[in-house]
Amino acid sequence: MSKHTINLTVNGKRRTLDVQSNELLIDVLRDRLYLTGTKYGCGIAECGACTVLHGDRSVMSCLVPAVAADGWEITTSEGLAKDGELTPVQESFVNLGAIQCGFCTPGMVVTSTALLRENPDPDEAYVKDYLRGNFCRCTGYVAIVQAVLDAAGKMKGAAAT
Amino acid sequence: MTQVSEGSYIGQNVPRSDGHAKVTGAMVYPSDVIVPGMMYGALLRSPYPHAEILSVDTTEAEKMGAVCLTYKDIEPIKYNERSVSIPAATYRDRTVLPDKARHFGEPLMAVAADTQELAYRAVRAIKVEYKVLPAVFEPEEAMKDGAPQLYDKIYLGDEEVAVHNNIGVIRNISEGDCEAGFAKADRIFQESFELGRIYHNQMETKCAVVKPEPDGSITVWATAQSIHANRQLLGRVLGMPLSRINVIKLPFGGAFGSSIQVNTVTPICAYLALKAGRPVKLVSAREEDFYSHQKYPAKFTVKMGVTNDGLITAAHVTALVDFGAHQVQPLPFLGCTAGWFASLYKYEGNIRFDGTAVYTNKTPCCAMQGYGNPQINFAIESMIDIISNEMGFSPVDLRLKNYRGVGDEFWGQGPTIRSIIKSCGVEQSLVEGRQMTDFDHRERPDTKTGDVRRGLGLARGFHCSGTGGPKEGEVIDYSSALVKINEDGSVDLLTPVTDHGGGTWDALRKICAEVLQVPLDLVGLSPAGTMQIGYDVCTHATRGVYCGGAAVYHVAMKVKEKLLEVAGRLMAEHAYNLEVVRSDGLHQGVVQVKDFPAKSMTIGDIAKQAQNMSWGTIAYTDSYRQRNCPPCFTTHFVEVEVDMRTGVITVPKVLIFGDCGNPMNPDLVKGQLVGSFNRGFGYTVFEQLPTNEATGELANKGLLVDYKTPSAMEMPPIKDVEVILCDTYEPTGPFGAKGIGEAALASVQAAISNAVYNAIGIRFHKLPLTPEAVLAAIREREAQSAGATPS
């Protein structure tokens, strides 16, 4: 197994790491950078619990070899809130009961963030379709979809003022 | 228990206190625990459904630096992973690692190594010689003479029990006089129903981290519904005093019953850590977790007698259950199933239940949201629909005439745990739902045409809130709490109760805040481990708020008594002349003289003064047992659309009634009802676990990609998901509360199936209603009617 040196920017911090060619991004984030908000749920990109942002795009870190992430700017669930202030998406998740066990929540929040960067004015059908790759066993999704729409409304309002 | 005060947090929607940590990824779950010097574990799982292990060679794995564990390293103590029932009602058949594989994917050996990758490589380096044995997968086959036998003997309590024809448990229960009841009936109905295995699919796979401590004790973080059950089993299999085992309470990624027992990985992880002398983390891959535990399947035959005026006069249920390769308690499962059946309707007191549970070479079954309730509810609530259709009754009226309500007996946990119903939202649910859906005017299926047909269906259910009864039964039920007033008026609350995401911890904080009248944010939920706090049996049986909350209520009341006594000394008043009220202005609880509030002290000042006088800390700890297990009721009105061309069922609209007594946090209660509807929809139309009988392997090979559950896409539009909480108050609950968790699922399946009948006129007796199954039924009906048409 060969070793490679990669450069990542994770939550605004530049990291240089030696990784094995078969090492996965999820394991680098969790086991080496201790960013355990990125969760393991299935290992085959079926559940979305390991979703992180690559720039503005959401990717499932369980399928990304760390070497392939060389040069990426990554934001994990830990990097969304600034100075302890929750983002509108995070705030709406908390206030609208979109959280139960919370294990899917970091990935769900990250995907929802990517959604709103891509489309700041989604309707219900768009949100449901966008979130179909993120699995939640607890909530039945209704409160989650409501939270994303609520966050979109708040962000639009903030942009208008 | 007393009414809530004005302005109480109870009944208010308060954003959950762990929300911030959960949306920022900061919350630590068991699989997130990282300990310096930690090794990683991996398991060698059986490649056969039934095989003897003839020899094991771990030399190569050890050369790689791995610590290896086989059945030769462990004490062969026989246990049952679940310890909710008393020992005399608990069958024991397993050890930490076996010398014989009894299902595909069963953990046989374990390793720990410096990296996860090395651990997996080391597993592959272990050489095992097997003698492959014939396997059996269906209960009917397993009971035949000459079928492969999984066990010769097992244990019930301390007694050795011989196993014949793989029959693990037989449980027959009867009351009243069924024959006389059937004789009184004008019509007799008999139908069979079948529900297959499904998988919990909780988001966090089963895992444990075990750390040997310098003083010889161990610290354990694990996916666990009961920290004390984990501690007690570890003490037994490791031969360690319980005082040296601290199982730490953490949130974990969903349960649904999947961790009601001590998970198989946990004692293995503990043995590895002790052998290695280092911390070990053992996390199941999703493909492994599928083979850990599954939901009990069931086959029922239901016979009911009904009079022409709609009185159900007797009912007889036979149940056949395949519980897999180990008992995680099919004994109480059968008892509970009998109880759910017996408690749905009155049947004039004439009931009979004949239950048989059988070993097969499949994954062991354990609790999964309802413990037999969704299974038997599908059968009984389908029967009620069949009887209504056949005899021309309104399904609402037939239920109203026969349901068990206030004043009737309820079997909360099988025949040994009975209490009297004191609060009931059934009538409100049925009457309001009938009006809101215009149920009485729904069209008959034979009037419907077109490619997409819409139907409306109804079913009702319930679950117990805990397993307490006036008399102790075969199930253990009590909880503990510790409450301590700090010197600034804030409060520490310690509870052994786990929260699976429903918001139990916030409910317990609210109960404590309400009793002591302190602002909610001043009640802190302290970290708790088995070394710090008394016993709680388990967060199961929908008992977190009703039983765990009652323990908090009881202990907080004792603390309030002490508080008033201390305040009386400081204020020169009799304690009985004092009361506590919350002051939002001062952001404190305040003790004041009744009818003379000008004379008052804040709780913080009282606690500080008590400290200055060296009177001690105002604190108390105790255990508490509820003596009831009140049913929480649900009713589902579901609209479906069935596509006659594809067999696809969709749900455009659902109306859910939930009766949880006084809700602690209405939003979170509704969230549980909506989430359960989603899971129930999956159970009804998607989820199944077929086995490849040639290999014993699951057809999906444990891969989530081939185990479909409903996503956000399959839910009805937000505006068409309506939840109504019944206006009830449970007199025995903390501030009127009952549970909701498992009730929320009970009637979903039958409601959907009944709606499908109303849409297309086809009755389904077997889940799931996959597009293939629906299409096949439509084709069969077409063929029959074509055959019946005269040429």
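The legends below describe close-up views of a predicted model. Residues are numbered from 1 along each chain as its sequence is written, and chains are lettered from A in the order in which they are written. Local features need pLDDT of at least 70 and side-chain atom pairs count only at pLDDT 80 or more, whereas totals for chains, interfaces and linings use all residues, and side-chain values use heavy atoms, with hydrogens and water left out.

**View 1. The interface of chain A and chain B.** Here 48 residues of chain A are in contact with 56 residues of chain B, contact meaning heavy atoms within 4.5 Å. About 4,200 Å² is buried between the two chains, and carbon and sulfur atoms give 61% of that area; buried area is the accessible area (1.4 Å probe) that two parts lose on being put together, summed over both. Cys101(A), Phe103(A) and Arg137(A) supply 19% of the area that chain A buries against chain B, more than any other three residues.

**View 2. A salt bridge between the chains.** The side chains of Arg137(A) and Glu687(B) meet in a salt bridge at 2.9 Å, N to O, the term standing for a side-chain nitrogen of Lys or Arg within 4 Å of a carboxyl oxygen of Asp or Glu. Glu687(B) counts as buried because its relative accessibility is 2%, and Arg137(A) is buried with a relative accessible area of 1% (buried is under 20%, exposed over 50%, partly exposed in between; 1.4 Å probe, protein chains only).

**View 3. A salt bridge within chain B.** Asp477(B) forms a salt bridge with Arg543(B), the closest N and O atoms being 3.0 Å apart. Asp477(B) lies in the loop between strands S23 and S24 of chain B and Arg543(B) in the loop between strand S26 and helix H14, so the pair ties together parts that are 66 residues apart in sequence. Helices (H or I, at least four residues) and strands (E, at least two) are DSSP runs, numbered from the N terminus. Both Asp477(B) and Arg543(B) are buried.

**View 4. Met304(B) in the largest nonpolar core.** Among the 175 residues of this core, Met304(B) is one of six that touch the most other members, together with Phe93(A), Tyr347(B), Ile380(B), Val640(B) and Ile760(B). A nonpolar core is a set of buried Ala, Val, Leu, Ile, Met, Phe, Trp, Tyr and Cys residues joined through side-chain atoms within 4.5 Å. Leaving aside residues up to four places away in sequence, Met304(B) touches residues including Phe182(B), Ile312(B), Tyr347(B) and Ile380(B).
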